[in-house]
Amino acid sequence: MHAVLLARVSSKEQEDGHSLVAQLDRLHAYCLRKNLDIIQEFTLVESSTRGERPEFQKMIAYIKKQSGKVALVCDKVDRLQRSFREVPILEQLRKSDKLALHFVSENQILDSGANNSQIMAYQIFVMMAENYTNCISDNVKRSFEKKIREGTILTCAPIGYLNTTINGVRTAIIDPERGHKVRMLFENYATGNISIRQLADYATEIGLKTRRNKPISPSQMHLILCNPFYYGEMKIKGKLYPHCHDRLITKEIFDLCDKIRSGKYNNVSRKKKKDMLLSGFVHCVHCGKSYSPYLAKGRYVFLKPPKSDTCRHYHVSAAPFMKQINEILPALYFGPSRSGQMIKGLQEKQTKAILKKDRYIATQNETLSKLAIKKSRLTELYLDQGISRDEYDTIINDISKQQQEIRDQMVRTDDRIGTFYANLIKCVKIAEISHFLFKSSNFCLKRLILKLISSNLFLDNKNASLSIRYPFIDMVQKGCRQIWGG
Ligand SMILES: [Zn+2]
């Protein structure tokens, strides 16, 4: 009789060193003993849990093509089948006397004349094979769930992070070269003054590129801004789970960016008229609506009133604003020697603050590792069935929340103290030069200075007023010496 051989190893078994060769050797010896004439061999390396089986289908097609009856020889039932799905097609061939199944190690031959007990034995073996497959798939699911509970990253880390392995455990760390740049993206976008396209340009400017070293496109930027991983959660099949890796930003900033992105945040002046310095800056002090500047007679800038049912708005000249701006800027100029003193004083305070911050971060890290230990103890308790699933979930959620809060605080502190004095120093430097820069003709620069120094320009009926941001307001009103030392 003609014989077709089938040998299979799962991809896992192959890793473990089980070989197809040993299986085939056994089958060849068997065929020799039984006087079977081998016409074809099929060898399969496949995962035991998933996928269609193209090689298997090919083999069935080959057997159907043969003119006479064919012996299909395999080592065991589980080498041939992984589930009952394959039973009907094999049974049909067997019953029509086209196929005889030979299982070498189980010492079974099933042909058209097989009796009930033989068929039952065969089906039991199929059932065992299927059960084994289900177990593996269960194990895969279980380890997946375990990873989710522990908050370990399952996928490729987003830009700003690096996948790595620490003590044999796969994890993600903040990319020392790009992490802070990603943070800058969020902070910039959160100001509400920049579109996603501009943010992509900005990324290129600061040298932030994709993993493949290409510029970040606006659609990729959109994905970055939507990714909860940065503040501490990962999205898996549409659900959010807290992760255990370091955060780049706070949830607060993420939410703010989210609002801006979905247009719920109304501070964005999207339609900027190119040549109008004040566009987007001037608002009614009562209703908050925005005045838009226009050019009258080709040279005078006027402000067009917004429509309103509650307020009376007027067409007014922009000149009073320009006058105020031009008065404030020189008031911020202290001269190089005083500025130098201020900067020195600030730097001393900065050093002290950073030391304090480091101590604070160390304490928080200690608390975090205590909470992590608590979590793993709880998991053990749950696995030993010491507590119910509900209790377990409640407490774990509580701990996760505490962890999230602490991590948020840490990121915030990091930002606040680390950048607070640096920003003040920057402000002193800006104040020092803005007076000169504002006189320059660079339009973007002018707007930038205006934005830095003033949070809002208000109109109360026809009266213009300008609110100045901290710390510039202190610099103008009180001078800096008594506030910042130096
Ligand atoms: Zn109004």
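Q: Which residue of strand 3 is the bridge partner of leucine 6?
A: The partner is cysteine 74. The model is a predicted one, in which local features require pLDDT of at least 70 and side-chain atom pairs count only at pLDDT 80 or more, whereas totals for chains, interfaces and linings use all residues. Residues are numbered from 1 along each chain as its sequence is written.

Q: Why are strand 1 and strand 3 said to pair?
A: Two strands pair if DSSP finds at least two bridges between them. Strand 1 (residues 2-10) and strand 3 (residues 70-74) share 5 bridges, and the sense is parallel. Strands here are DSSP runs of E with at least two residues, and helices are runs of H or I with at least four, both numbered from the N terminus.

Q: What makes strand 2 and strand 5 the edges of their sheet?
A: The sheet is open, with 5 strands in the order 2-1-3-4-5 and mixed pairing. Strand 2 (37-46) and strand 5 (108-110) each have a single partner strand, so one side of each is left without a neighbour in the sheet. The average twist from one strand to the next is 20 degrees; such angles run from 0 to 180 degrees between N-to-C directions, with axes fitted as lines to C-alpha atoms, for helices over the stretch in contact.

Q: Which strands does helix 2 lie across?
A: Helix 2 (residues 20-34) lies across strand 1, strand 2 and strand 3, and its direction makes about 160 degrees with strand 1.

Q: Why is leucine 101 called buried?
A: A residue is buried if 20 or more other C-beta atoms, placed from the backbone, lie within 10 Å of its own, exposed if 12 or fewer, and partly exposed in between. Leucine 101 has 21 such atoms within 10 Å and is therefore buried. This residue is found in strand 4 (residues 99-103).

Q: With which residues is leucine 101 in contact, neighbours within four places in sequence left aside?
A: Leucine 101 is in contact with Leu72, Leu90, Arg94 and Leu110; a contact requires C-beta atoms, placed from the backbone, to lie within 7 Å of each other.

Q: Why does aspartate 97 count as exposed?
A: Aspartate 97 has 12 C-beta neighbours inside 10 Å, so it counts as exposed. It is found in the loop between helix 5 (87-95) and strand 4.

Q: What is the phi of aspartate 97?
A: Its phi is positive, about 60 degrees, although aspartate 97 is not a glycine. Most residues other than glycine have a negative phi.

Q: Why is lysine 237 classed as exposed?
A: The count for lysine 237 is 6 C-beta neighbours inside 10 Å, and the residue therefore counts as exposed. Lysine 237 is found in the loop between strand 8 (233-236) and strand 9 (239-242), and its phi is positive, near 50 degrees.

Q: Why is the crossing of helix 7 and helix 8 called right-handed?
A: A crossing is right-handed if the near helix is turned clockwise from the far one by less than a right angle, and left-handed if anticlockwise. The crossing of helix 7 and helix 8 is assigned to the right-handed class. The axes of helix 7 (residues 179-190) and helix 8 (residues 196-205) come within 11 Å and cross at roughly 145 degrees.

Q: Which residues make the contact of helix 7 with helix 8?
A: Helix 7 contributes Leu185, Asn188 and Tyr189, and helix 8 contributes Leu199, Tyr202 and Ala203. These residues divide into 5 nonpolar, 1 polar and no charged. Ala, Val, Leu, Ile, Met, Phe, Trp, Tyr, Cys and Pro count as nonpolar, Asp, Glu, Lys and Arg as charged, and the others, Gly among them, as polar.

Q: How many bridges join strand 14 to strand 15?
A: Strand 14 (residues 454-460) and strand 15 (residues 463-468) run antiparallel and are joined by 6 bridges. Phenylalanine 458 has serine 465 of strand 15 as its bridge partner. In this hairpin, with 2 residues between the strands, asparagine 461 takes a positive phi near 50 degrees.

Q: What makes strand 10 and strand 15 edge strands?
A: Their sheet is open, with 3 strands in the order 10-14-15 and mixed pairing. Strand 10 (282-284) and strand 15 each pair on one side only. Helix 11 (residues 319-331) packs on this sheet and touches strand 10, strand 14 and strand 15.

Notes: Two residues are in contact if their C-beta atoms, placed from the backbone, lie within 7 Å.
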